[in-house]
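Here is a short report on how one protein chain is put together. Keep the structure open while you read.

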Amino acid sequence: MCGIVGYVGNSSRKEAGHSALDVVVEGLRRLEYRGYDSAGVAVVADGSISSRKKSGKLSNLIAELEADPVPESLTGIGHTRWATHGGPTDQNAHPHLSDGGRLAVIHNGIIENFAELKQELLAKGVVFASETDTEVAAALIGDIFRTEFDGDGANLTQAMRLACQRLEGAFTLLAVHADQPDVVVAARRNSPLVVGLGDGENFLGSDVSGFIDYTRRAVELGQDQIVTITAESVDITDFFGKPAEGKEYHVDWDPASAEKGGFSSFMEKEIHDQPDAVAQTLLGRSDLDGKLTLDEVRIDPELLKQVNKIIVLACGTAAYAGLVAKYAIENWCRIPTEVELAHEFRYRDPIVDSNTLVVSISQSGETMDTLMAVRYAREQGAKTISICNTNGSTIPRESDAVLYTHAGPEIAVASTKAFLAQITAAYLLGLYLAQLRGNIFSGQIKDVLADLSKIPAKIQHILDGAGPLRELARSMKDEKSVLFLGRHVGYPVALEGALKLKEIAYIHAEGFAAGELKHGPIALIDDGQPVFVVVPSPRGRDSLHSKVVSNIQEVRARGARTLVIAEEGDESVKDYAEHVFYVPETPTLLMPLLTTVPLQIFAAELAGAKGYDVDQPRNLAKSVTVE
Ligand code: M6R
């Protein structure tokens with residue numbers, strides 16, 4: 001959600017052709033994937049602030065800037081807004097101005113006590129132009145700047161500190177002031193912010209994509225910290241002015257990996273990145289003897305041996321990866337494993353203690369619901385491991401250990417490669433726990449790792465043979481509803497297949513556990529109703545395969561069009577399927593890494609055929625940083 005960029009450069013940067021506006025607009029372009037419905041910028045030049053903002057796509061803002069340019073500047077901020085308080089209008093877009101138009105503020109998050117602060121400021125005669133909580137924060141900072149410091153130009157940082165002491169909720173705030181033209185001040189509580197370190201210039205971004213074209217040196221701002229950047233300095237303190245250290249790290253994503261690479265959309269590219277995403281996530285995590293070497297899991301092995309319950313916390317697609325993890329972990333480790341939507345978890349007084357291991361799964365590492373649930377679990381004494389794709393993000397930093405998925409940047413809002421990488425990492429974690437606790441023999445672990453190592457080539461095989469599936473998807477672009485069925489690990493795959501179609505093609509879609517069909521959902525089956533069925537390997541448990549084949553027959557008997565995903569060589573489904581899409585042979589537990597892929601391709605192709613923006617579906621944000 002909301003993308004944030006800040007920039008300050010010195011005159012040498014101007015000679016190198018950098019301008020605040022160019023840097024900020026380019027950063028916003030890279031952050032578009034987070035989802036937004038308006039955009040705006042502000043630059044400091046000639047002793048005043050110049051700001052432009054527009055609802056809709058970044059292209060609207062760029063057109064506005066062409067029609068009404070801002071002056072050349074080396075200090076600027078930019079924002080893409082995902083509406084929370086107030087609709088996606090020009091008025092509500094950021095930046096918001098205060099102190100007579102001399103202060104500009106952008107914000108990501110929600111100021112929970114904005115109503116109370118607004119009353120206070122209204123009583124002082126402040127006039128508001130928007131419906132946003134952000135304008136209240138801007139007015140508060142402006143009021144403090146003017147009244148506490150009498151507009152002393154050196155005190156934007158101080159004003160930000162005092163304001164933050166009064167703000168409740170989640171926020172990343174960036175402010176520039178005409179009186180202090182070479183400075184951007186930012187604050188962070190519960191929302192992400194990264195500092196980019198340059199030479200004669202410094203940057204701020206919601207994530208590193210905001211400045212990846214200019215530097216790979218980054219510092220993650222900690223919780224409740226304020227940073228003041230100039231072209232030559234980066235000063236970090238807490239909200240009370242106590243100096244704080246920022247830990248620098250190197251960003252190993254390159255700008256090219258954040259580009260489409262010739263594909264029609266980021267989603268298509270990311271679907272094709274999946275062989276690599278799985279391979280990279282496996283890389284270096286076991287030795288030649290098939291022993292897992294998860295060095296990142298720094299939790300004392302003795303404590304892990306005492307774990308008597310695992311709770312997986314996640315949202316959306318990541319929660320479906322968690323459901324797959326449950327089957328694998330329980331199978332290999334014999335530890336009861338619950339999977340819970342993170343936003344439900346802490347509101348139900350869950351049973352968590354020091355023998356509970358909480359595994360959070362999050363691509364972004366910034367999902368507020370997941371972060372809050374992890375914090376709650378830690379407070380209750382649980383050990384926490386994060387499976388995450390974003391280096392240095394908040395959830396792994398606040399967890400006891402992290403297992404990074406090495407899927408590379410995921411730009412499309414609809415998650416694809418992160419899902420497969422999350423499942424892969426969860427398998428590794430399950431095997432590691434089983435190894436530690438002696439649940440399975442090392443030979444078995446070696447076998448599973450060998451099966452996993454063959455997955456990337458098998459995914460590639462599916463991608464290469466997807467022509468007929470794509471054709472079918474295009475022919476189904478006018479469908480009103482598609483159902484998805486699966487059992488065992490096929491159930492989360494069915495849920496994920498349905499979610500993909502809802503998200504990007506805006507088609508009603510539902511995933512069901514196939515066994516649940518007779519308990520209600522079968523009433524939905526009517527003549528011509530398309531139903532995808534994810535069929536397990538016939539080489540696995542007999543009953544599992546035959547039960548799903550019976551489910552295919554049941555829906556077909558009631559008029560459904562059956563679209564079946566099955567293992568190569570499974571002839572038994574042919575008689576009951578209008579279309580069969582085969583995936584290469586693999587053990588049942590690992591099948592989601594293959595059976596998901598056709599469903600992703602189907603959704604992307606169908607949404608493309610409908611002419612939709614596959615990468616930025618309506619109403620959705622990549623990273624849900626509000627509760
Ligand atoms: O960044 P996270 O993995 O924590 O995000 C969780 C969900 O918001 C995310 O998976 C969402 O469901 C995707 N849009 C699914 O495609």
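This is a predicted model: local features need pLDDT of at least 70, side-chain atom pairs count only at pLDDT 80 or more; totals for chains, interfaces and linings use all residues.

Side-chain atom pairs count at pLDDT 80 or more.

**The antiparallel sheet**

Start with the open sheet of eight strands. Its order is E3-E2-E4-E1-E10-E9-E11-E14, and the pairing is antiparallel. Strand E3 (48-55) and strand E14 (248-250) are the edges, each pairing on one side only. On average, neighbouring strands here are turned by 20° against each other, direction ignored.

Strand E1 covers residues 3-9 and strand E4 covers residues 75-81. They pair in the antiparallel sense over six bridges. Within this pair, Val 5 stands opposite Gly 78 in E4.

Two helices pack on the sheet. Helix H2 (residues 20-31) touches E1, strand E2 (38-45), E4 and strand E10 (201-205). The direction of H2 makes about 155° with that of E1. Helix H3 (residues 58-67) touches E2 and E3. The direction of H3 makes about 135° with that of E3.

E2 and E3 deserve a look of their own. They pair in the antiparallel sense over eight bridges. Ser 38 stands opposite Ser 55 in E3. The two strands form a hairpin, with two residues between them. Asp 46 sits in the turn and has a positive phi of about 55°.

**A buried loop residue**

Follow the chain on from E4. Asn 92 lies in the loop between E4 and strand E5 (96-98). Is Asn 92 buried or exposed? Its relative accessibility is 1%, so Asn 92 counts as buried; the cut-off is under 20%. Leaving aside residues up to four places away in sequence, Asn 92 touches Arg 81, Gly 86, Gly 87, Ser 130, Glu 131 and Thr 132.

The table sets out their axes.

| Helix pair | Residues | Axes come within | Crossing angle |
|---|---|---|---|
| H8 and H14 | 274-282 and 417-437 | 9 Å | roughly 25° |
| H16 and H20 | 455-464 and 592-609 | 10 Å | roughly 30° |

Take H8 and H14. Their axes cross at roughly 25°. That angle makes H8 roughly parallel to H14, because the cut-off is under 35 degrees. The crossing of H8 and H14 is right-handed. H8 brings Gln 274, Ala 277, Val 278, Thr 281 and Leu 282 to the contact. H14 answers with Lys 417, Leu 420, Ala 421, Thr 424, Ala 425 and Leu 428. By class, the contact of H8 with H14 holds seven nonpolar, three polar and one charged residues.

Now H16 and H20. How are these two helices oriented to each other? Their axes cross at roughly 30°. H16 and H20 are therefore roughly parallel to each other. The crossing of H16 and H20 is right-handed. On the H16 side, the contact is made by Ile 455, Lys 458, Ile 459, Ile 462 and Leu 463. On the H20 side, the residues are Leu 593, Leu 594, Val 597, Pro 598 and Ile 601. By class, the contact of H16 with H20 has nine nonpolar, no polar and one charged residues.

**The parallel sheet**

A second open sheet has five strands. They run in the order E21-E20-E22-E23-E24, and the pairing is parallel. Strand E21 (508-513) and strand E24 (579-583) are the edges, each pairing on one side only. Neighbouring strands of this sheet are turned by 20° against each other on average, direction ignored.

Strand E23 (residues 561-567) and E24 pair in the parallel sense over five bridges. Leu 563 stands opposite His 579 in E24. Helix H17 (residues 467-475) lies across E23 and E24. H17 runs at about 140° to E24.

**A partly exposed helix residue**

Finish with Ser 546, which is in helix H19 (residues 542-557). Its relative accessibility is 39%, so Ser 546 counts as partly exposed. Ser 546 and Gly 430 are 116 residues apart along the chain. Their C-alpha atoms are separated by 28 Å.

Terms used. Residues are numbered from 1 along each chain as its sequence is written. Side-chain values use heavy atoms; hydrogens and water are left out. Two strands pair if DSSP finds at least two bridges between them. Helices (H or I, at least four residues) and strands (E, at least two) are DSSP runs, numbered from the N terminus. Axes are lines fitted to C-alpha atoms, for helices over the stretch in contact, and angles run from 0 to 180 degrees between N-to-C directions. Contact means heavy atoms within 4.5 Å. Angles under 35 degrees count as roughly parallel, over 145 as roughly antiparallel, 65 to 115 as roughly perpendicular and the rest as oblique. A crossing is left-handed if the near helix is turned anticlockwise from the far one by less than a right angle, and right-handed if clockwise. Ala, Val, Leu, Ile, Met, Phe, Trp, Tyr, Cys and Pro count as nonpolar, Asp, Glu, Lys and Arg as charged, and the others, Gly among them, as polar. Buried means under 20% relative accessible area, exposed over 50%, partly exposed in between (1.4 Å probe, protein chains only).
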